[in-house]
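Let's take a friendly tour of this model, from charged pairs to the sheet and the nonpolar cores. Have the coordinates ready alongside the text.

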Amino acid sequence: MARRFIPTLSVFMLLAFAGLMASAPLAAARAATNEASARAAGHEAGAARFIESLSDRAIKSLTTKGITRSKRIVRFRRFFADRFAVRGIGKWILGRYWRKASKDERAEYLRLFENLMVVSYVDRFASYAGESLKLVKTVPDNATTTTVYTEIVQPAGGAAVRIDWRVGFKDNHYKIVDVIVEGTSMSNTLRSDFGSIIRQKGGSIAGLISALREKTASLK
Amino acid sequence: MTAIPTIKSIARFFPVFLILSLALFASGCATAPAPGDAAAVAEYNKVNDPAEPAMRVIFEFNRTLDHAVLKPVSAAYKSAVPDLIREGIYNFLNNLRSPIVFINDILQGNPERAMQTLARFMVNTTVGFLGFNDQAAALGMPYHDEDFGQTLATWGAGEGPYLVLPILGPSNPRDTIGMAVDFFMDPINTVMSNLDGDWGIFAFKGGRAVGFRARYWDEIGDLEKTSLDYYATVRSLYRQRRNDEIRNGKPPEMVPGPSIGTKQDIPSPGVADEVSQLR
C-alpha cells in the first residue's frame, strides 16, 4: 500500500506548487471583471446603500442585549414591514392560488405570513456575535430589480456566508423581495413549503391559513 | 487487496436496501393530477417527486434516527469540544476530501479549480498541520467541494425525481450514482481500506455527518421548528443547494422571484421619511 500511496502523494504535492503559482494572477483578473459589471447604470448604488443601511440599522436596534423578546418582536416587526415587500413576496409565494383567495383571505394570509417571519427570525438577532456584512458587488437583474451580493464575515474567522439580496425599486422606494443564502432563496423555499400545505388541503387557502395560525401560535 | 473489503461491506448492506426499496413501491406513489388541469400538471412536474408518500416514510425514519443518534451525538460534540478544536476537525476532514474534489475538478474540465484544490492540500497538509489549520483559505484559496453527482450534472445529466435515501438523506438518481462512484473512486477510501479495514471509512463519513449537524445546529433546528411542512422545505433546499454547488456559486441566468407589485408595499407617509433618507 505505502509503496503505491507515496508516489501518488508526491505527484499531488508537486502539482500543488504549480497551482499556488498560477492562482494569484487569475484572482486579480476576476476582481477587475466584477468591478466593471458593478459600474453599469441603474439603481445599483441606491440598492447597495439600502442594504448597507439595513445592516447598520439591524445591528443597532435589533441586536441590543438585555431587551425582552416581546420588545425585540415589536422592533423587528416594524423593521421587516419597512424593508421587505411583504405583499409582493406573500403574493408570489402563493402563485396561482393567490387568484383563488378572497380579499379577506389575502389580508389574513399576509398578516399571518408577516407574523411567521417575525417569530421565526427574531431570535437570530438575540444571538448576534459581532458578524458584519461585506458588500461584494451589485448587479441589475432587470428594470426594477437589483441583486446586492454580500458576505457575512464571522468575527472569529472561518468561512464567510454568501447572502444575495434582491432589491426591488418602485415609486422611489427600495424594498427587499428575496434573500438568497448560499444559493437558497427564502421566497422559493417558502413557496415550496406553503404550496405543499395547500396541495395537502386540496387547494384550499383556508387550510393554509389555519396551518399558519397554528404554527405562529406555537412559536410565540 | 485494494478496495475489496469495502465492496464486501457494501454487499452486506445491499439486501437491506433491496427490502427498503421494495417496501417503498408497496407504500405507493403520489396521485398525479387530472391531465386536463394544466396548472396542476405543471406544478406536479415541477415538484418532481412521484414517490412522495413513500419518500415521506423514509424521511420520517431518518428524522427519528437523527433525533435518536445524530442529534444527541452532535449536541455532545458541540458542548464538549471547544469551537476552535471543532473548526480544526472540520478543516482536517475537508482536507481529506481533497483527492476526490481534485478528481472531480478535473472531470469537470476545470484545471484552475483543480490546481487550487492541489495547492490547498499542499499548504494545509504541511503548514496547516495535517489540515487542522486552513492556512490556504487565509491565502485567498477557500475550500470548495465537488462530487461526481455535480460532475454528471456538468456533463448534462438531469437530476431525475427527488429521492430520500435511508440514513443518507435527500438525493436523486444522479446524486445517488455520484455518491456510489465517489465512494469507489476516492483514493482516501482505498488508503483507509488498506490500512485498517472499513471502519476508517465509516468513521470518516460519520465524523463528517456529526460535524455538519453540529455546524448547522441552529439552522436545522429553526427549519424544523418554523416550517409548515419540513419535508417540502428540505426538498426545496436540497435542490437549490445542489444547483448552487453545480454552478460553483455563480448566480443562475434567470431567477424566478417576487417583485414589488402593489401600493401596499410602498410605505405610509410616516415610514416614508425614514426610508427615503436612505437614497
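Which side chain meets Arg215(B) in a salt bridge? The partner is Glu87(B), at 3.4 Å from N to O, where a salt bridge means a side-chain nitrogen of Lys or Arg within 4 Å of a carboxyl oxygen of Asp or Glu. This pair links distant parts of the chain, 128 residues apart: Arg215(B) belongs to helix H11 (residues 199-215) of chain B and Glu87(B) to helix H4 (residues 83-96) of chain B.

## Ground rules

This is a predicted model, in which local features need pLDDT of at least 70 and side-chain atom pairs count only at pLDDT 80 or more, while totals for chains, interfaces and linings use all residues. Residues are numbered from 1 along each chain as its sequence is written, chains are lettered from A and ligands numbered from 1 in the order in which they are written, and side-chain values use heavy atoms, with hydrogens and water left out.

Helices (H or I, at least four residues) and strands (E, at least two) are DSSP runs, numbered from the N terminus. For relative accessible area, buried means under 20%, exposed over 50%, and partly exposed in between (1.4 Å probe, protein chains only).

## Salt bridges

Over all chains, the structure holds 32 salt bridges. One of them joins Arg124(A) to Asp222(B), with the closest N and O atoms 2.8 Å apart. That pair crosses between chains, from helix H6 (residues 103-126) of chain A to helix H12 (residues 217-226) of chain B. Arg124(A) counts as partly exposed because its relative accessibility is 35%.

Within chain B, Arg56(B) and Glu52(B) meet in a salt bridge of 2.9 Å, N to O. These two are four residues apart in helix H3 (residues 52-80) of chain B, so about one helical turn separates them. Arg56(B), at 23% relative accessibility, is partly exposed, whereas Glu52(B), at 16%, counts as buried. As for the opening pair, Arg215(B) is partly exposed at 29%, and Glu87(B) is partly exposed at 27%.

## A nonpolar surface patch

Chain B carries a nonpolar patch on the surface, formed by Phe61(B), Leu65(B), Val69(B), Val73(B), Ile167(B), Leu168(B) and Met179(B), with about 620 Å² of accessible area together. Such patches are made of residues with over 30% relative accessible area and no salt bridge, nonpolar side chains (Val, Leu, Ile, Met, Phe, Trp, Tyr) being joined within 5 Å; areas come from the Shrake-Rupley method with a 1.4 Å probe, and for residues only the protein chains shown count as cover.

H3(B) gives the most to the patch, with four residues. Leu168(B) sits in the loop between strand S1 (163-165) and strand S2 (169-171) of chain B, and is partly exposed at 49%.

## The sheet in chain A

Chain A has an open sheet of five strands in the order S1-S2-S3-S4-S5, with antiparallel pairing; two strands pair if DSSP finds at least two bridges between them. Strand S1 (132-140) and strand S5 (184-185) are the edge strands, each pairing on one side only. Eight bridges join strand S2 (residues 145-153) to strand S3 (residues 161-170) of chain A, and the bridge partner of Thr150(A) in S3(A) is Ile163(A).

## Nonpolar cores

A nonpolar core is a set of buried Ala, Val, Leu, Ile, Met, Phe, Trp, Tyr and Cys residues joined through side-chain atoms within 4.5 Å. The largest has 49 residues, and those with the most contacts inside it are Tyr109(A), Phe113(A), Trp165(A), Phe194(A) and Leu208(A). H6(A) gives the most to this core, with ten residues.

Notes: Patches are made of residues with over 30% relative accessible area and no salt bridge: like charges are joined within 9 Å, nonpolar side chains (Val, Leu, Ile, Met, Phe, Trp, Tyr) within 5 Å.
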